[in-house]
Amino acid sequence: MTAFGKLIRTTAFRLTLVYLFLFALFAASLLAYFAWNTRRLITEQIATTVNAEIGEITDIYNRRGLHGLLITMGNRALRPGANLYLVTAPNGQALAGNVGSLAPGVMGTQGWSETAYRRLDDQDKTDHRALVRVTEMDNGFRLLVGRDLEERRRLFGIVAKAAQWSILVVVVLGIGGGIFVARRVLHRIDAMTGTTKTIMAGDLSGRLPVGRSGDELDRLAENLNAMLERIEALMTGLKEVSDNIAHDLKTPLTRLRNRAEEALAKSGCEADYRAALERTIEESDGLIRTFNALLMIARAESGQARGNMDDFDGADVANGIHELYEPLAEDDGMTLLVKTMPAPIHGNRELISQALANLVENAIKYGKPEAGEGSPSTAKNEILIEARREGNQVLLSVTDHGPGIPEGDRKHAVERFVRLEASRTLPGSGLGLSLASAVATLHGGELRLGDSHPGLVATLVLPARVAGSDRLAAQTQDVPQKAA
């Protein structure tokens with residue numbers, strides 16, 4: 001397709017033609033109304049003038065008779081630019097006036113008519129048009145008074161020519177403006193098309209150009225760029241998951257196979273076989289928990305969990321997690337505390353409970369004070385779960401007093417299967433913070449990792465429920481899956 005063909009097929013050019021047609025139609029209607037109104041006003045002026053003259057001439061006839069009428073008509077006919085005058089006898093013979101010829105039948109009909117005529121003193125033989133009025137006087141005499149319509153015709157011609165030039169100028173400027181607008185729009189669309197071709201070729205880093213005008217195309221480009229960033233993040237995450245599964249799950253699967261092979265190779269008693277099977281089941285449960293965590297992260301990042309959202313109180317979730325994990329913390333020598341206030345949330349209760357549980361599990365695993373850190377009285381084996389509302393946000397936080405996470409590693413710590421050096425000797429899959437971050441993002445919030453001097457503060461920042469609904473979700477038991 002040629003460049004001109006692409007240009008005239010653009011929506012902008014077609015819309016310009018539609019607006020041009022409508023504007024030209026409006027302008028033509030306006031000029032037509034003006035011409036018609038001007039014609040009507042001139043006709044009314046002529047009629048007023050003719051009526052006034054007929055009144056004067058009739059009065060002269062009544063006072064001075066036929067002789068005075070003929071003298072008056074002769075004098076008026078000699079004036080420059082005079083009106084049309086004609087007096088005829090009952091037999092139709094012209095007695096006085098400046099009219100040489102009329103259309104047949106005009107003098108035989110009383111009242112107004114528009115007729116062709118010639119003056120007595122016209123040198124050319126061209127007929128002119130006039131608006132005349134015929135009045136019958138006493139004794140069968142007839143009086144015609146009229147006015148030439150050349151002025152009305154010239155004015156109407158001026159208006160018609162102005163209308164033609166105006167419409168021509170409107171059409172030329174409209175088409176020129178349409179081509180200019182269409183070229184600008186087409187240039188921007190072509191730029192977007194080129195970027196999309198790059199993206200379809202596999203380069204997800206491409207972004208649509210955004211101008212400075214802030215128009216609808218800029219807003220569309222900004223939204224599409226945000227969508228592309230999200231798609232790129234999801235594709236990157238999918239690649240990372242594939243790579244991580246290939247690397248991080250290979251070790252436990254290999255270990256599982258080796259243990260089974262070892263159990264078969266060794267000839268032992270029933271107790272040895274039983275112990276090997278128990279270790280195999282334990283290893284399998286760990287793999288199942290890892291896959292469940294991956295599925296839950298994928299479910300959160302894809303937005304599938306949005307269909308199960310409801311209204312509930314975040315304080316109830318915090319209290320449920322405290323009740324569930326308090327015995328586990330005590331067995332590990334930790335004290336689990338809870339501090340709550342009303343925290344209304346609209347979201348997926350199961351996922352938020354799982355995310356908060358992951359933070360608590362991480363705190364129990366890694367939140368013990370480091371050896372030699374202060375005296376036993378100052379060392380705090382405490383973990384605090386908080387639920388509170390701050391403005392239009394709800395904060396669900398877990399605070400410990402362990403070694404924490406260095407600021408430079410916090411962004412890296414929320415990635416899948418990432419385990420920092422301090423945690424490599426402890427069991428886990430490195431998915432706990434990833435799931436918490438995915439759940440926060442699903443609800444329009446974020447996961448913040450801060451410093452509690454010493455220790456770590458992990459906070460789920462979620463939007464508070466919009467006021468106007470006092471409905472709370474039905475109380476369900478929060479039994480999260482282990483993913484930390």
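**Entry 1: cavities**

I started with the largest cavity, and its volume comes to about 40 Å³. A reminder to myself before going on: this is a predicted model. I then listed the residues around that largest cavity and found Ala35, Thr38, Arg39, Ile42, Arg152, Leu155, Phe156 and Val159. Helices H2 and H3 (150–200) are the elements that give two or more residues to this lining. Sorted by class, the lining of the largest cavity has five nonpolar residues, one polar and two charged.

How many cavities of 30 Å³ or more does the structure hold? I count two.

**Entry 2: a nonpolar patch**

Leu15, Val18, Tyr19, Phe21, Leu22 and Leu25 make a nonpolar patch of about 630 Å². I looked up Val18 from this group and found it in helix H2, which spans residues 11–77. Val18 counts as partly exposed because its relative accessibility is 44%.

**Entry 3: Arg410**

Is Arg410 buried or exposed? Its relative accessibility is 15%, so I noted Arg410 as buried. Arg410 belongs to helix H9, residues 410–413. I also checked Arg410 against Leu449: the two are 39 residues apart in sequence, and their C-alpha atoms are 6.6 Å apart in space.

I kept the background in mind here: most residues other than glycine have a negative phi, and most peptide bonds are trans.

Which peptide bond did I note as cis? The bond from His453 to Pro454 is cis, with omega near -10 degrees. Pro454 sits in the loop between strand E12 (446–451) and strand E13 (456–463), and His453 lies in the loop between E12 and E13 as well. His453 also has a positive phi of about 55 degrees, although it is not a glycine. With 67% relative accessibility, His453 counts as exposed.

Asn139 went into my notes for its phi near 65 degrees, a positive value in a residue other than glycine. I found Asn139 in the loop between strand E5 (128–136) and E6. Asn139 counts as exposed because its relative accessibility is 65%.

Terms used. Residues numbered from 1 in each chain as written. Predicted model: local features only at pLDDT ≥ 70, side-chain atom pairs only at ≥ 80, totals over all residues. Heavy atoms only, no water. Patch = residues over 30% accessible without salt bridge, like charges linked within 9 Å, V, L, I, M, F, W, Y side chains within 5 Å. Areas by Shrake-Rupley, 256 points an atom, 1.4 Å probe, with all protein chains shown as cover. Salt bridge = Lys/Arg side-chain N within 4 Å of Asp/Glu carboxyl O. Helix = DSSP H or I, 4+ residues; strand = E, 2+ residues; numbered from the N terminus. Buried < 20%, exposed > 50% of the residue type's maximum accessible area, 1.4 Å probe, protein only. 1 Å grid on protein atoms, 1.4 Å probe; cavity = no way out; pocket = protein on both sides within 12 Å on 5 of 7 lines; lining within 4 Å. Points joined across faces, edges and corners; volume = space filled by probe spheres on them. Nonpolar A, V, L, I, M, F, W, Y, C, P; charged D, E, K, R; others polar.
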